[in-house]
Each structure stands twice: as C-alpha cells, then as structure tokens.
Amino acid sequence: MPFFDVDTNVLYLAGKGDGNIRYYEITDSEKTVYSLAEYKSNKPARGMGFMPKRGVNVSKNEIARFYKVHEKFVEPISFIVPRKSDLFQEDIFPDCSSAEPALTCEEWKGGENKEPLKQSMAPGFVAPVAKKEFNPVKAEPEKELTPKEMKEEIASLKNRVTYLEAQIVQKDAKIKELSA
C-alpha cells in the first residue's frame, strides 16, 4: 500500500500481511529515490490508514501518522524527525492541504479544476514551556510548645471556631431574609 506525502516528497510503502513500513524521499531535481529508513514490526498489518497532514503533532516534529489495522485493534504509528531546536520547523512543515474545498460541487460538475487550498502548519505549533528551576528552601523547624502554650493555642483556636460559627449563623439569617 503506497502513501505519498506531497508536502515533503516522502513515499511510505506498507504491505498487507507485512508489519514493516519503508519510506523513501523522492527528489524532483535529480529524479532520484533515497531510502530514508524503515519502521519494523513483527505484527502483520491487515490494512493501513494515513492521517491528513493537518492532524499531526507539529510541536513534536511528527511528519506523518499511520493507523495500522490489526485483527482486534488499530495501532497509531508516528514518524518523528529528531530536532534539537524548540522552534517551528518550516523545512519539514511546508503549507499543507486545507480542510476547505477549492471548488464547489457545481464548479466541479462543470468541469473546473483547481489546486487544493493550502494552510500553514505553524498555528499548530506550541513551544515547550521552559522548566522553572526548583530551589527548595530549608524550613526552620517549628518551636516545640510547652504544655501551657499548647493550652493557650487550643483556647485561641476554640474562640476562633466559635466566632466563625456565629458568623455563619448571621450569614444564613441574612440569606434567608434576602430570599424571602
């Protein structure tokens, strides 16, 4: 099953019953085919699908995504170009075919022909967020309280709870009054 990416001139070849996907670059200038690499798998494919270019993850430099059909499941396979830069890679993501049709139904029935509309891949790019440095600060251990200080703290907290409960009762009364 051949799949051709017209934007990057890469030909992907997969076969029914074969688990591998071979891919080649085809150059117009030299009329030459260069073997790029091969995806290897020992699980044979029953079928294969190709994700439209506008659906790939540009931020991870994913240039193609296949869906390999197995007997009981579908496996996504991503083809990613390793790059060190965190910037948008224009050389591997030229404008691709848009989801917008170039012709209306009537124009096509009338015999017109147009090239597909193109869209930029750049809006799909999300730059990675710089990791913030983690600088832990050693906290000073809390001072141990004496039994007398603990009793004072407990009394203070009980007073605070009593005050807050009274506030809740007042707020509930006000809500009841306003909703009547």
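This note goes through a predicted model point by point, starting with confidence and ending with the cysteines.

1. Basis of the model. Residues are numbered from 1 along each chain as its sequence is written, and side-chain values use heavy atoms, with hydrogens and water left out. Because the model is predicted, local features need pLDDT of at least 70 and side-chain atom pairs count only at pLDDT 80 or more, while totals for chains, interfaces and linings use all residues.

2. Confidence. The predictor's confidence in each residue is given as pLDDT, on a scale from 0 to 100. For the protein chain the mean is 85, and 96% of its residues reach 70 or more. Among the elements, helix α2 (residues 147-179) has the highest mean pLDDT, 93, and strand β8 (residues 96-97) the lowest, 82. Helices (H or I, at least four residues) and strands (E, at least two) are DSSP runs, numbered from the N terminus.

3. The three-stranded sheet. Strands β5, β6 and β7 form an open sheet in that order, with antiparallel pairing. Two strands count as paired if DSSP finds at least two bridges between them. At the edges stand β5 (47-50) and β7 (74-80), each of which pairs on one side only. From one strand to the next the twist averages 25 degrees; the axes behind such angles are lines fitted to C-alpha atoms (for helices, over the stretch in contact), and angles run from 0 to 180 degrees between N-to-C directions. Strand β6 (residues 62-69) is joined to β5 by four bridges. Across this pair, methionine 48 stands opposite lysine 68 in β6.

4. The β3-β4 hairpin. Strand β3 (residues 21-27) runs antiparallel to β4, and seven bridges join them. Four residues lie between the two strands of this hairpin. In the turn, lysine 31 has a positive phi of about 50 degrees. Threonine 27 faces threonine 32 of β4, the two standing opposite each other. As background, strands of a sheet pair through backbone hydrogen bonds, either parallel or antiparallel.

5. Lysine 43. This residue is found in the loop between β4 (32-39) and β5. Lysine 43 is partly exposed, with a relative accessible area of 46%; buried means under 20%, exposed over 50%, and partly exposed in between (1.4 Å probe, protein chains only). Leaving aside residues up to four places away in sequence, lysine 43 touches Gly19, Lys68 and His70, where contact means heavy atoms within 4.5 Å. Glycine 19 is 24 residues from lysine 43 in sequence, yet their C-alpha atoms are 5.1 Å apart.

6. Threonine 8. The loop between β1 (2-5) and β2 (10-14) holds threonine 8. Is threonine 8 buried or exposed? Threonine 8 counts as buried because its relative accessibility is 16%. Its side chain makes a polar contact of 2.9 Å with the side chain of aspartate 5. A polar contact is a pair of N or O atoms within 3.5 Å; within protein, one must be able to donate a hydrogen and the other to accept it, and residues adjacent in sequence count only if both atoms are side-chain atoms. Not counting residues up to four places away in sequence, threonine 8 touches Lys53 and Ile92.

7. Lysine 60. The loop between β5 and β6 contains lysine 60, which is exposed at a relative accessible area of 56%. Its C-alpha atom is separated by 9.2 Å from that of aspartate 86, 26 residues apart along the chain.

8. Cysteines. How many disulfides are there? The count comes to zero, a disulfide being a pair of cysteine sulfur atoms within 2.5 Å. Cysteine 96 is buried at 1% relative accessibility, whereas cysteine 105 is partly exposed at 46%.
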